[in-house]
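Let's walk through this model together, one region at a time. Have the viewer open and follow along.

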Amino acid sequence: MSEHAASQSFTNVPCPFCGMLCDDLEVARSDAGSLKVIKNGCPKSSSGFARSVSGAKPQISGRDVELSEAIQKVSELVRAAKQPLYSGSATDVDGMRAIMALADRSGGTVDHALSAALERNLSVLQSAGWIMSTLTEVRNRADVIVIVGTDVQKMHPRFFERIVCPPESMFDTTPEKRTIVFIGEGLDTSGAVGPRIGDVITLPCPSDQIGDVVSVLRARLRDFPVSGQDVAGIAISDLESLAALLRDAHYSVLVWSPAAFDFANGHLAVHTISEIVKDLNTTTRSGGLTLGGNEGLTTASSLCSWQSGFPLRVSYATGKPDYDPAIYSVDRMVTDGEGDLLVWVASISTQLAPPETNIPTVVLGTPGLQVKRQPEVFIPVGTPGVDHVGRLIRVDSVVSLPLQNLHRSELPRVADVLQAVRATL
Ligand code: SF4
């Protein structure tokens, strides 16, 4: 009999390991506490749930200490800091609330490790507005899905299975077949298969020329003339065919992740895509769908907005929330030698390492977190949805999902640790 054969089984488990928050997993727990995804997993979720966190202890400068001593040390560091920086911010709703409250109390700056990508979207939302869809709308209504410059299969391994090619959907308006278009370089198209999929069109081009391609697509959609035979290696005639496909669609969706637009003026590509969606809505229906939101990014962004009135990159140094996405980038502040304490929260994956810095650093991290320098204080914390209950907000920002406690460990919540620190200030 296998280790998991006699174990407890959890059903309808939401997965915290990417922004999709699939909520249909089945996970078995052995008597020894190890977890195994037994249904509806993907490589990312399987390794995330299976990872062992046993034996991790709070540390001060590499020395094992009790949790209370570590919390006391963090309190001393926060009290002494004149410009504390709070980032990473990979946690759940309660954890992010605690980060915001501590930053408010200590005059700190709040950011998230992946906010540079988010900023490409926010700058467009703030300056021009957009028309967005949701995962459920796409699953049930889209007849043309255009994936722009983003390796969705790698980012969200079950996106195609759950959203693009589901065996069933909610409404009888759902098209029998949908056309999938990939624009970009080296994109994994293998998920676009099955009875729901009609044509699959690939338009390869270098990633950093996505902006040029969508600009020409928009121009031809509006019947503006374009010189030359191709753009970024894509024939203009192919983009004209795509424009016609979009015009004739009942509900097209343009999908991208801002993290994939990490090139000069990547936000302009987001802007052009958003404007294409708006143009299409003058004669038919279309929506944007932005993906990513991993490491609790959507949760941190939403929570920062409703707590402070502003998106991420907020400072409480003046005693009230002050928003500036350029000045209060914690990455930039660390690089430029600003700040005198870094409090880094990474409770979900082991890959979210703090930036290299010589200022004192406190890490609240999942055990196994890859850190380049030993922090002054390390406190191992639980992962929401694995070690404790919690709540995360899905990448399309319209649903918050309650997470189960699968009892992998007794590690504390980020919220509990930071609330304890705040109570001592
Ligand atoms: S696609 Fe994302 S949310 Fe879904 S099971 Fe995989 S890692 Fe989890």
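Predicted model: local features only at pLDDT ≥ 70, side-chain atom pairs only at ≥ 80, totals over all residues.

Helix 2 (residues 67–80) packs against helix 13 (residues 414–423) with axes 9 Å apart and an angle of about 55°. Helices here are DSSP runs of H or I with at least four residues, strands are runs of E with at least two, and both are numbered from the N terminus. The axes are lines fitted to C-alpha atoms, for helices over the stretch in contact, and angles run from 0 to 180 degrees between N-to-C directions. Helix 2 and helix 13 are therefore oblique to each other; under 35 degrees counts as roughly parallel, over 145 as roughly antiparallel, 65 to 115 as roughly perpendicular, and the rest as oblique.

Residues are numbered from 1 along each chain as its sequence is written, and side-chain values use heavy atoms, leaving out hydrogens and water.

Now turn to helix 4 (residues 115–128) and helix 10 (residues 266–280), whose axes come within 8 Å and cross at roughly 50°. That makes helix 4 oblique to helix 10. Which classes of residue make up the contact of helix 4 with helix 10? It has 3 nonpolar, 6 polar and 3 charged residues.

Next, look at the ligand. Its surroundings (residues with a heavy atom within 4 Å) include Cys 15, Cys 18, Cys 22, Cys 42, Lys 44 and Arg 158. The shell around the ligand divides into 7 nonpolar, 1 polar and 2 charged residues.

Finally, visit two loops. Ala 232 lies between strand 11 (230–231) and strand 12 (234–235), and has a positive phi of about 50° although it is not a glycine. With a relative accessible area of 16%, Ala 232 is buried (under 20%; exposed is over 50%, partly exposed in between, with a 1.4 Å probe and protein chains only). Thr 357 sits in the loop between strand 17 (341–346) and strand 18 (361–365), and counts as buried at 12% relative accessibility.

Terms used
Nonpolar A, V, L, I, M, F, W, Y, C, P; charged D, E, K, R; others polar.
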